[in-house]
Amino acid sequence: MFRRIRTRLAVLYAGLFAVALAFVAIALYAVIATTAERQVRSELGASATVFDRLWTMRSRELGNAAGVLARDFGFREAVATGDPRTVESALDNLKARLGLKVAFIVNYDGSVTGTRDEGLKREAAKLWTPLDAGETSGVARLGGVPHHVVAAPILSPTLSGWVVFATPLGPSEMNSLERLSAIPIAASVVQRAAGGGWASGPEDSFIRAHLDGRPGELDSGAGVSVALVKPLHSLDPQRPAALLLRYPIALAMAPYRPLHIAMAATGLAGLLLLLLGSWRLSLSITRPISALDRAARRMEEGETVEVTVDTGDEIGRLAKSFNAMAAGIAERERRITELAFTDTLTGLPNRAFFRQHLALELAHADRARILLLCLDLDNFHAVNDALGHAAGDALLRAAAERLRSGAAGSLVARLGGDGFAIVVRAPADPAASARRFASLFAQPFELAGQSLAVTAGIGVAAGAVGLDADTLLKDAELALAQAKQEGRGAISFFETEMNARAQERHRLEADLGRALAQGELELFFQPIVALETGAIAAFEALLRWHHPERGLIAPADFIPIAEESGLIVPIGAWVAEEACRRAAAWPDPVRIAVNVSSVQFRKSGLESVVVRALAASGLAPHRLELEITESLFLESSEAVVSTLHALRGLGVRIALDDFGTGYSSLGYLQSFPFDKLKIDRTFVEPLAERHGASAIVAAIVGLGRSLGMEVTAEGVETEAQLDELRRHGCTSVQGFYFSRPVDAAAAAALLDRESGGARSAA
Amino acid sequence: MRALLALPLLALAAPAAAAELVVTVRLPNGAPVANAVVSLYPGGRPAPLAPPAGIYKVAQQNTQFHPFVLVVPVGATVAFPNYDAFRHHVYSFSPAKRFELKLFAREQNRTVRFDKAGVVPLGCNIHDQMTAFLKVSDTGLAALTDGSGRAVFADAPSGATVAQVWHPFLRAPANQVELRWTIGRGRQAETVSVNLRPPPRPSAAY
């Protein structure tokens, strides 16, 4: 209702005071009214008593006079002998003496004498019954006016009648009673009409209700009075009479009016003072609250605020608490910001902070000549897998520390994983700057008690005005990818064509995602011929991509993309199933060789892919040969070996492809008994020309034979090569000399021809 | 009081058939009413009066009249002897007989003759409390009830008769009620129930 505490408090206090004041006023008024009324009531009671005395005195006085007359012998004789003139004159004499208005004789026979007023005679005749009943004093109505009537019997000596004196009870008679009272009361005698009411309106009901003599309040229309009814004895039982005494309340309350006025004035003044006081008090309370309110709003908008505390009361304490809270919030905000922009592992700024920083740097024209270096540790995965994550983290921390110490004012951030980024401002020689950072990795790292040589690839991109942070970062990352391709510790600068290549790659990757579903992939098969029999011992399944726009795409162009994007997993599964399905149609000893990528090994599920392919095709496991490369052993060899054992457990053969081109260590040959070694084509090609080449082939064949493995030579194109291989004792050969890779139908035809040939040969 | 008067009258004028009649006057509550006068009018006519037998007497003694009610035949003379040591002023304003015996003392024997039937209330102008009643009867058969409320007629004539019962305070016009009886042969009893008003008090309190 009231939106301000100030208003609410003032209204509340003023309201309470007004209510209290009203109660006091009501109580006071009630007391005064009660007192005044009680006073009036007691005065009325006293007046009634006075009237009673007067009545009695008057009755006795008149009674005595009547008695004296009634006993007078001559009067009695006059009455008894029926001498009206004498009676009349005697009564007139007495009226004059006593100052009476009305006097007459009611004879025992019911006749009335002593007056000539016929109307009075008729009314007087009605008095016979009460007189005969012995009632000699009371109120009777004569001439329409209530009269005080007193009678005395005339005994002569028997009852011959009554002398009756009457005085009217009109206003002038009542005045004498009113004058006797201490307060100005109004007195009147009322008489009930025969079978009717006492009076008209409210007076009638009041009289009826108060005949017991209790005073009460009478509202006669002309104001409220305290009134009292005193029943008077009436000589007519049909018409009871009563004395009505009245005193207007307004008159009784008049002396208290100054008190009422004084009280109202005091109350009003008090109310004003209270309003003023409570307004001021609430102001003193709400001012600091308003200050807090404003401060809270400013805080909401992010400002750092402090409220000035100048009191020690609850509000003062609240303000203190508020200040403490505001300081706490500010501190926590600072911490959260810090955490949000810091890499918790290395303590370097994180990627988010780096991007903001880079954007800020680029936004300033004079700082546009900045250099962005993206740096990535070589073979970090191998370290992580070989030594554990704790060692990997330690390496990252150590690398970060070296970068920080060597940054020399440049910003160094960790982008995630083993990737770092450095922003160098306006370098004199970008190449020298990049080399300086590369040289930070010249010394080996001491890790878990081992000395570990770790190099880093660096991609460099130069900033320019208007270049945005994301683009620059992408450029640097492309350059880094190039550097990584170039080998360990390489530094590569961003060139525009990198961008085009990258876009090309992205397009291919997107197309490759669809290729499998669109049926654009196809398996080609190249026969592997056993030298001993000259028959086809197996086919190597080779993947071909028929791109709808570019035509046939070589595996070397899309397999790396598949491996990087992870698409190699579904593609590999499809290859395994398709190869097994085709091979199942071939005669029994003919095997199928399927290449397995190292990515497929890293992802779990290779084993189930092989099982499904075998189960779906019904191909005997020994007819499936999985070809893996040495590079697999660069990564965690233990996991690889356990997977190889599991596959071997299925009955599948394992061949080592491209032998002699990758990993320098031969130790892994001890860890798993391969079924076959495949001599890479780089050793086969120069076989006829160079003597050294022949020695390597001889060594490999010897190695395989001594380890109990078959040896297959790839890339055989000439008869000279074939002869040389045969001379060295190679188990089987594969190459254009026999057949290019052909589609499934052609492969089946080759087998048919061979079996036909065999038949014809036989 | 006794029915002294009736007895000699009845002996003289006894008709052929007569019976003893006992009239009892009571209040409605059964209390006997003394000093009531029962008058019989056989056949609606007054019974013949006997000639006056001596002098009737209403004495004043101890500021009271004695007797309170006296039945006399028309034409009787009543003496008012004063036995008190002070004077009395006996009077009556009655239509039957208006007289006044002013301030007479002891030894002064005054008599008044009553020759008109009716009730003559007696008062004393000096002493308000003194009241007595003379019942001047025009029939020979009139008797006063005694303390037990009984009036006895030894020889009431048989046949229809009009009976009047009067008492100074009887609540009825002229303080009197009238009844009609048929007197048979033999003893007969009649009971009359009346209401009395309280005797007027001469000094009403105001």
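**Strands, helices and a contact between chains**

In strand 9 of chain B, Arg98(B) is the bridge partner of Phe93(B); strands here are DSSP runs of E with at least two residues, helices are runs of H or I with at least four, and both are numbered from the N terminus. This is a predicted model, in which local features need pLDDT of at least 70 and side-chain atom pairs count only at pLDDT 80 or more, while totals for chains, interfaces and linings use all residues. Residues are numbered from 1 along each chain as its sequence is written, and chains are lettered from A and ligands numbered from 1 in the order in which they are written.

Strand 8 (residues 88-93) of chain B runs antiparallel to strand 9 of chain B, and five bridges join them; strands pair if DSSP finds at least two bridges between them. In chain B, five strands form an open sheet of mixed pairing, in the order 6-12-11-8-9. Its edge strands, each pairing on one side only, are strand 6 (69-73) and strand 9 (98-104) of chain B.

I turn now to chain A. Ser694(A), Val697(A), Ala698(A) and Val701(A) in helix 24 of chain A meet Glu724(A), Leu725(A) and His728(A) in helix 25 of chain A; contact requires C-beta atoms, placed from the backbone, within 7 Å. The residues of this contact divide into four nonpolar, two polar and one charged (nonpolar: Ala, Val, Leu, Ile, Met, Phe, Trp, Tyr, Cys and Pro; charged: Asp, Glu, Lys and Arg; polar: the others, Gly among them).

Finally, the contact between the chains takes 19 residues from chain A and 11 residues from chain B. Helix 1 of chain A gives the most to the side of chain A that touches chain B, with five residues.

Methods. Contact = placed C-beta atoms within 7 Å.
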